[in-house]
Amino acid sequence: MLNRKDLLGTADLSKEEILSVIDLAEQYSNENIKNVNNTRILKNMTQINLFFENSTRTQVSFEIAGTKLGTNIVNFPLKNSSQSKGETLLDLASTLNSMFPDILVIRHPKSGAVQLISEKVKCSVINAGDGNHEHPTQALLDAQTIRKRLGRISGLKIAICGDIAHSRVARSNIFCLKTLGNKIRVVGPKTLIPKGIENLGVEVTHNMFDGLQDIDVVMVLRLQKERMDGGFFSSEREYFHYYGLDERKMQYANPNAIIMHPGPMNRGIEIDGDLADDINRSVITKQVEVGLAIRMAVLDLLTRRHPLREKCQEH
Amino acid sequence: MSRALTFINALLIDPATSEQAFGSLTMESGFITRINGPTKGTVIDCQKACLAPGIVDLGVHIGEPGERHKESFRSASLAAASGGITSMVTFPNTLPTIDNPELLEFFINRSKESSIVRILPAAAITKNCKGKEICELGFLQDKGAVAFTNGLRCIKDLKIFLKALTYAASLELPYIGHCQDYFLSKGTSATSGSFATQMGLPSAPIESEKICLERDASLAEISGIHYHASQITTELSLETIKNLKSKGKKITAGTSIHHLIFDEKDIGNYRTFFKINPPLRSKSDKEVLLQTISDDSIDTISSFHLPQDEESKRLPYELAASGAIGLQTLLPAGLKLVQEGYLDLPKLFKKISLNPSKLVNSKCGKLAEGCPADLVIFNPNVPFVLDRFSLLSKAKNTPFDGYKLCGKVLRTFVNGIEVYNCGH
């Protein structure tokens with residue numbers, strides 16, 4: 001069960017809540033393969049996708065997740081919209097509120113913006129990424145991918161590598177995987193490791209060889225050049241040499257270690273192309289598949305108490 | 001105004017002598033004429049309430065000209081009077097900037113029409129506070145500027161800054177500096193550390209304050225100006241100030257009451273009323289400031305009153321405007337520090353009244369014969385829960401909403417005239 005109206009982050013999720021999402025996603029994952037029709041589950045519900053920041057995979061994933069559960073989906077057009085005419089975020093929130101949506105899926109380039117909207121609307125809000133803050137469904141899908149592949153999701157050693165500073169995926173993963181009882185190490189150049197991150201209960205190292213020692217899961221993050229205002233690293237070739245995941249560095253990890261990446265990948269910058277495609281170790285495409293099931297599970301669990309569903313169950 | 005008035009049975013708090021004792025005070029024609037002498041004129045029994053020199057608040061932002069929807073001379077001065085503030089040293093970063101004598105004259109005339117407390121304007125040192133061209137500092141002084149400042153902006157070009165300070169030094173007015181390095185603090189809204197990291201907020205290291213302070217202090221020394229660092233908020237820069245003072249440099253320092261009461265954890269889930277400039281610091285920085293607040297490292301405590309309308313605060317944290325109002329909460333928050341034992345009442349008034357007065361060469365801030373009768377009478381023991389909508393400022397952006405405070409202003413006098421009476 002998710003005993004909450006909104007899913008804004010993983011920082012305040014309990015272990016039970018995380019496992020309930022993952023367990024249900026497991027079920028959806030299997031049903032998706034068998035082409036089970038689940039469109040009655042969220043029938044007649046309205047889901048609005050509100051993406052203030054460009055996204056392809058997450059938006060499409062939420063869209064298909066909603067479709068598979070039978071929601072009516074509206075992709076709110078933000079280009080040429082009232083936002084570009086100067087409407088404030090909260091005015092937009094109250095406008096949307098008056099249209100009685102049941103679920104809002106929001107991505108915004110500024111940390112905390114999704115929470116701000118969630119405080120003003122009555123329906124459930126799912127954070128699809130806010131600034132450098134959180135991206136909870138990514139962390140949940142990562143946890144499930146790990147469990148699927150390694151058979152457990154606790155007591156593991158997990159390295160998160162690269163651009164931690166600009167990564168909401170890193171933050172959500174740290175909170176989620178810590179709660180589940182794993183050891184986390186963050187690895188990256190000092191400029192991309194934000195100050196005080198060790199107080200979130202992670203180990204910090206600036207050397208990939210040390211960082212990957214005895215690791216079960218290697219999470220590689222995208223270098224978020226669009227969020228950088230200069231001076232975080234010298235050149236892409238130097239970055240790849242010291243921090244890009246390649247065969248040489250991978251030797252230091254456990255022989256059975258898996259490789260993850262939230263996508264989209266910059267091949268030859270943070271990850272070697274061949275490693276990314278190595279189906280024995282890389283689970284990158286699996287992550288996308290699991291992502292769909294996780295989002296279905298989140299949509300389902302957040303709306304369990306919705307009146308439309310109670311009606312459905314009566315019939 | 002010529003009518004004499006004697007307050008009896010008052011706890012007189014004199015920051016100049018660091019003493020507090022029950023006694024009487026007589027004022028006449030706008031001046032304090034006698035302490036503990038025979039009563040003269042109308043007698044007012046203070047019933048053991050405190051009587052102190054009125055507060056001189058440094059770095060007040062008034063929305064005039066340009067942003068009267070946020071604050072006006074009228075609303076700000078009503079708020080000030082009810083908060084025991086009798087002089088506001090205003091900042092020039094208005095719309096347009098107070099950077100020329102004509103505008104300063106207009107500003108002063110508007111204040112005379114509308115303000116019930118004293119307005120002591122600081123003028124811009126560079127045009128539009130852009131740090132590129134020096135203002136007509138002599139003319140500005142002639143029109144009544146009491147200090148120069150560049151508002152909340154750091155001057156990037158050291159050559160221009162040095163010239164400006166040197167020119168100002170010859171006029172013998174102080175410079176009030178905002179110590180936050182331009183490049184390190186640009187685009188940030190929090191202090192680097194675990195909190196900013198967890199919340200994903202762009203942040204500046206605390207060194208931003210120290211580096212700018214050291215830089216400014218060096219230039220100030222070359223120029224010979226009296227430099228006042230308006231907001232020292234970290235242990236690092238506090239050490240720098242102590243060091244500079246121990247070497248006898250012509251430097252003074254202040255801090256904001258908000259940095260003494262709150263720390264970054266109070267921001268919680270992106271509460272934008274806690275977004276101020278410089279940003280709130282760690283708990284340990286706040287504790288260090290509090291532990292040293294009773295010594296002479298920090299000279300002034302101010303509210304840095306900066307009104308912002310609801311629209312500019314109801315935004316994602318990074319995009320929200322920074323600043324908090326503080327005219328009516330400076331005294332109660334200061335009294336909280338007294339109750340918690342960090343400093344005594346005369347020390348508090350030294351930092352909120354006497355020292356800011358001295359900085360801008362005003363004769364206020366003392367309970368002494370011949371000094372202006374700018375006075376506040378208050379009861380420090382009345383508890384209340386602050387409701388932001390009860391405040392008199394037009395903008396209601398206070399971090400103290402719902403906060404338990406103590407202390408009630410009973411009456412405020414400016415130049416011997418009653419400007420606030422809680423019974424009316």
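Modeller: Let us begin with a definition: angles of 65 to 115 degrees between two axes count as roughly perpendicular. Please keep in mind throughout that this is a predicted model.

Biologist: How are helix 1 of chain A and helix 5 of chain A oriented to each other?

Modeller: The axes of helix 1 (residues 15-33) of chain A and helix 5 (residues 136-150) of chain A come within 10 Å and cross at roughly 65°. In this right-handed crossing, helix 1 of chain A passes helix 5 of chain A. Since angles of 65 to 115 degrees fall in one class, the two helices are therefore roughly perpendicular to each other.

Biologist: By class, which residues make up the contact of helix 1 of chain A with helix 5 of chain A?

Modeller: On the side of helix 1 of chain A, the residues include A:I18, A:L19 and A:D23, and they meet residues of helix 5 of chain A, among them A:L140, A:A143 and A:R147. Sorted by class, this contact of helix 1 with helix 5 in chain A has seven nonpolar, two polar and four charged residues.

Biologist: Is helix 5 of chain A parallel, antiparallel, perpendicular or oblique to helix 11 of chain A?

Modeller: The axes of helix 5 of chain A and helix 11 (residues 284-302) of chain A come within 8 Å, and they cross at roughly 120°. Because the perpendicular class runs from 65 to 115 degrees and the antiparallel class lies over 145, this angle makes helix 5 of chain A, relative to helix 11 of chain A, oblique.

Biologist: Which three residues supply 32% of the area that chain A buries against chain B?

Modeller: The contact between the chains takes 21 residues from chain A and 16 residues from chain B, and the area buried between chain A and chain B is about 1600 Å². Of this area, carbon and sulfur atoms give 58%. The share of 32% on the chain A side, more than any other three residues supply, comes from A:K110, A:S111 and A:K195.

Biologist: Which side chain of chain B meets A:K110 in a salt bridge?

Modeller: Across the interface of chain A and chain B, the rule finds one salt bridge. With a distance of 3.1 Å from N to O, the partner of A:K110 in a salt bridge is B:E318.

Biologist: How many residues apart in sequence are the parts tied together by A:R4 and A:E17?

Modeller: The side chains of A:R4 and A:E17 meet in a salt bridge at 2.9 Å, N to O. A:R4 lies in the segment before helix 1 of chain A, whereas A:E17 lies in helix 1 of chain A, so the pair ties together parts whose separation in sequence is 13 residues.

Note on methods: Residues numbered from 1 in each chain as written. Chains lettered and ligands numbered in written order. Predicted model: local features only at pLDDT ≥ 70, side-chain atom pairs only at ≥ 80, totals over all residues. Heavy atoms only, no water. Axes fitted to C-alpha atoms, helices over the stretch in contact; angles between N-to-C directions. Helix = DSSP H or I, 4+ residues; strand = E, 2+ residues; numbered from the N terminus. Parallel < 35°, antiparallel > 145°, perpendicular 65-115°, else oblique. Left-handed = near helix turned anticlockwise from the far one by under 90°. Contact = heavy atoms within 4.5 Å. Nonpolar A, V, L, I, M, F, W, Y, C, P; charged D, E, K, R; others polar. Buried area = accessible area lost by both parts, 1.4 Å probe. Salt bridge = Lys/Arg side-chain N within 4 Å of Asp/Glu carboxyl O.
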